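Here is a short briefing on one protein model.

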Amino acid sequence: MKMRKKLLLSYLLVVLIPILVLGYYLISSLTSVTLQNNDRINRIGLQQIGANISDEITNIIKFSDRVMLDRSLTNYLDTEYRGLDATEEEFVQYQKDYSTIFDTYSSGLTILNNKTEMVLFSDNPSTIKDRTFLLELSNEIKREDWSQQLMKGKGDNVLLGLKKDDQNNRQEIVIGRQLSSVSSYTHLLQLSVAETTLYKYIQMETGNKDIYLLDSEGRVMTANANRDYIGQAFDSIPGIAPIFNQSKKDGNTVVTLPLELRSPFTGWKLVAIFSSGTVLSNIGDIVRQSLLVCFICVLISLLLTMIFSERLSRRLKLLVRHMATIRDGRMAAPEPDHTGDEIGELNRSFRNMIHRINELISEVYQQDIERKQLVIEKQGAELRALQSQINPHFLFNTMESIRMTLVKKRDTETADIVASFSRLFRQSMDWRSEWNTVAQEADFISHYIRVSKLRFRDKLQFNMQIDEDAKQLQLPKFTLQPLIENAIVHSIERRIEGGRISLQVTKSSERIRIAVCDDGPGFTTERILEIKDRLAQSASVKTSERIGLLNVHLRLVAVFGPEAGLRIESDPGRKTVLSFEVPAYRLETQT
């Protein structure tokens, strides 16, 4: 028998048969335990709901008792105020008494819950009637059924039943009582409790649990099912009677929980209908799904068992084949194996070895190239050093002689141009420092503009705006002149009418921004993208090619980082702005 068949037979004997036996036992036990736990949990949940509802109703009764025993409220309702004949002190005291009582019971209702409303009725004509908290007890109201019930109750709480609050679109459970009085006046208390105050305790019980809160006459006060029948007799709900008569046959359990409450809530009870059919249906669904999953798992396990050995041998053969290529001098690493077993670890070790060998080979080649490059750069440096020994002073002296000759001939304009050119030449030759202040850069640009005006005359309009506290900040030498030169080339040379160029240097608390703006024809979107792409790829440009804007961009990036590179904004036909921003503290610390 082949190894693959042996593995399959072992799998059937060792795994499949025990799974079937254990599954049958677990399903039987699960069904029994689930039904018992479901019944116990339902009863505990019903008891908790009953306790919560009892506490809520008890708090309402206690609040009613508090109002009944409040002597300050009774005194206020019994006191006859003189109205317009009252003195200022009496009127202030009257207002104070009303505010105290209103604030006391408003806060009390807030603590009780936010869905209970309190209304007082009094036939004392001298008290304040605000139409919300304290209302007039007229003779018409006294003749109404509810007020008659309260006065017959002689101070006891009376359940007035359910009523619809159209303003708040809700059902309310209303209780009331007649308040004590030492005068001939009559005072009535009415508390309206939103049905949702009690409903919130049972609303989460859904699915296989229907819970009803019934009063002593069997009317539904609240429920989580058949809510259209709230306020109606419980027996009038369709399908209720058959459930009570055949509850065990249909798999339904009916539980009644009386609530221990004071009058007028005596006789209230919770009735819950628990359906075990839903639980059994869920268990059946779980069993069917489990069998399906088990069947799929068995098939997958069989397939995995069959292909496992094939994968092991294939991975080993692949690794051996790559090792054989090393003998032929091909240093290609095998494909990565990310598994965590020994074969994967061997694959990673072999790949690391190949990569290390390739790195060593590359290092040897790179060192040889760098050594040759150093020799070439050394020869170039020696040549530049010899060239720099030529003293340029004779050029400066010659230009000074020319300037003096022009001055003697009273050609001051040309003399100033020669002086500016001499200054430009002298500064461009001075590389004792690689840094200039912003003020020095501005002076250099001023001379450059003066020389350029010899050619462009009034076609060139230029102005500078430099913040005073930015003038002594340090910049890499000759950073601004290429930007001005670029603006002249693209804005002045190409236009007969000339143009305007401006330089702005602004300093904030953290950054300094330098911008050169011209009103030339600008660049198209394609041209801007081309320039930005060239700047982004500037690292690959040879040193000899780094001129103009590219030179400035590369130096800014090298000194201050990629975020300090040149930015180009153009509005075709209107203006072009070249700008860059660098941290101010970096400029302050340069020497």
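Two strands count as paired if DSSP finds at least two bridges between them. Strands (E, at least two residues) and helices (H or I, at least four) are DSSP runs, numbered from the N terminus. By that rule, β8 and β9 pair in the antiparallel sense over seven bridges.

This is a predicted model: local features need pLDDT of at least 70, side-chain atom pairs count only at pLDDT 80 or more, and totals for chains, interfaces and linings use all residues. Residues are numbered from 1 along each chain as its sequence is written, and side-chain values use heavy atoms, with hydrogens and water left out.

**The sheet**
- Four strands form an open sheet in the order β7-β6-β9-β8, with antiparallel pairing.
- β7 (220-223) and β8 are the edge strands, and each pairs on one side only.
- Threonine 256 has valine 271, in β9, as its bridge partner.

**Threonine 266**
- Threonine 266 sits in the loop between β8 (252-258) and β9 (269-275).
- Its relative accessible area is 48%, so it is partly exposed (buried is under 20%, exposed over 50%, partly exposed in between, with a 1.4 Å probe and protein chains only).
- Threonine 266 touches Ser216 and Leu261, not counting residues up to four places away in sequence; contact means heavy atoms within 4.5 Å.
- A polar atom of the threonine 266 side chain lies 3.5 Å from the backbone oxygen of leucine 261.
- The side chain of threonine 266 also reaches the backbone nitrogen of serine 263, at 3.3 Å.
- Aspartate 215 is 51 residues away along the chain, yet its C-alpha atom is separated from that of threonine 266 by 8.0 Å.

**Nonpolar cores**
- A nonpolar core is a set of buried Ala, Val, Leu, Ile, Met, Phe, Trp, Tyr and Cys residues joined through side-chain atoms within 4.5 Å.
- The largest has 42 residues, and Ile53, Met118 and Trp268 have the most contacts inside it.
- Helix α1 (residues 3-69) gives the largest share of this core, nine residues.
- Leaving aside neighbours within four places in sequence, isoleucine 53 contacts Leu198, Tyr201, Ile202, Leu213, Leu259 and Leu270.
- Another core, of 38 residues, lies apart from it; Ala470, Leu483, Ile531 and Leu535 are among its members.

**Helix α5**
- The buried residues of α5 (residues 145-153) are Trp146, Ser147, Leu150 and Gly153.
- They lie on the same side of α5 because they cover an arc of only 120° around the axis, taken from the directions from the helix axis to the C-beta atoms.
- Asp145 and Lys152 are exposed on the face turned away from the buried side.
- Just after α5, lysine 154 takes a positive phi of about 55°.

How values were computed:
Polar contact = N/O pair within 3.5 Å; in protein donor to acceptor, adjacent residues only side chain to side chain.
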